[in-house]
Amino acid sequence: MKTKKFNIKFLTLMIVIIIIIYITQLGYIQLLPKIYITLVTIPIALGAIVVGPIGGFICGIVSNIVWGILSGFNLSAIAMLARPLTGLFTGLIFKVLYNNKKIKKSSYYIAAFCCLY
């Protein structure tokens, strides 16, 4: 059973991973000269699935704050809402699917796939 202490520790770990991904640029895979794949959605999805929708939302907000600091706060309103809402909706989708007994096992995969955008 998840406890409050575990949730705080897990969210802290996800936040540290998000910060490391942004600072070291290890989470970026270059496909073409100006096209990158980012792996920062992985800690956001894990936070949403393990802790819940609020955990995903918190990870998304931290991701935007770190990204904003590193990019000089050159952000639009839509960009500021994208990652927190991704975490929130991933957590909500997982919660709804996990409560359905028929697709309980595949709810992890479906929620993780919904986090990609």
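A search of the whole structure, which is a predicted model, finds zero disulfides. A disulfide is a covalent bond between the sulfur atoms of two cysteines. The sulfur of cysteine 59 lies 10 Å from the closest cysteine sulfur, that of cysteine 115, and is therefore too far away for a bond. For cysteine 114, the closest cysteine sulfur is likewise in cysteine 115, at 8.8 Å, which is too far for a bond; the cut-off applied is 2.5 Å. The surroundings of these cysteines were also examined. Cysteine 59 counts as buried because its relative accessibility is 0%, whereas cysteine 114, at 36% relative accessibility, counts as partly exposed.

Cysteine 59 is one of the buried residues of helix H3. This helix comprises 19 residues and reaches 27 Å from its first C-alpha to its last, close to the 27 Å expected at 1.5 Å a residue. The buried residues of H3 are Pro53, Gly55, Gly56, Cys59, Gly60, Val62, Ser63, Asn64, Val66 and Gly68. Their cover includes helix H1 (4–24), helix H2 (41–50) and helix H4 (77–98). After H3 comes glycine 72, whose phi is positive, near 80°.

When neighbours within four places in sequence are left aside, serine 63 is in contact with Ile18, Tyr22, Val40, Ile44 and Arg83.

How values were computed:
Residues numbered from 1 in each chain as written. Predicted model: local features only at pLDDT ≥ 70, side-chain atom pairs only at ≥ 80, totals over all residues. Heavy atoms only, no water. Contact = heavy atoms within 4.5 Å. Helix = DSSP H or I, 4+ residues; strand = E, 2+ residues; numbered from the N terminus. Expected span 1.5 Å × (residues − 1). Buried < 20%, exposed > 50% of the residue type's maximum accessible area, 1.4 Å probe, protein only.
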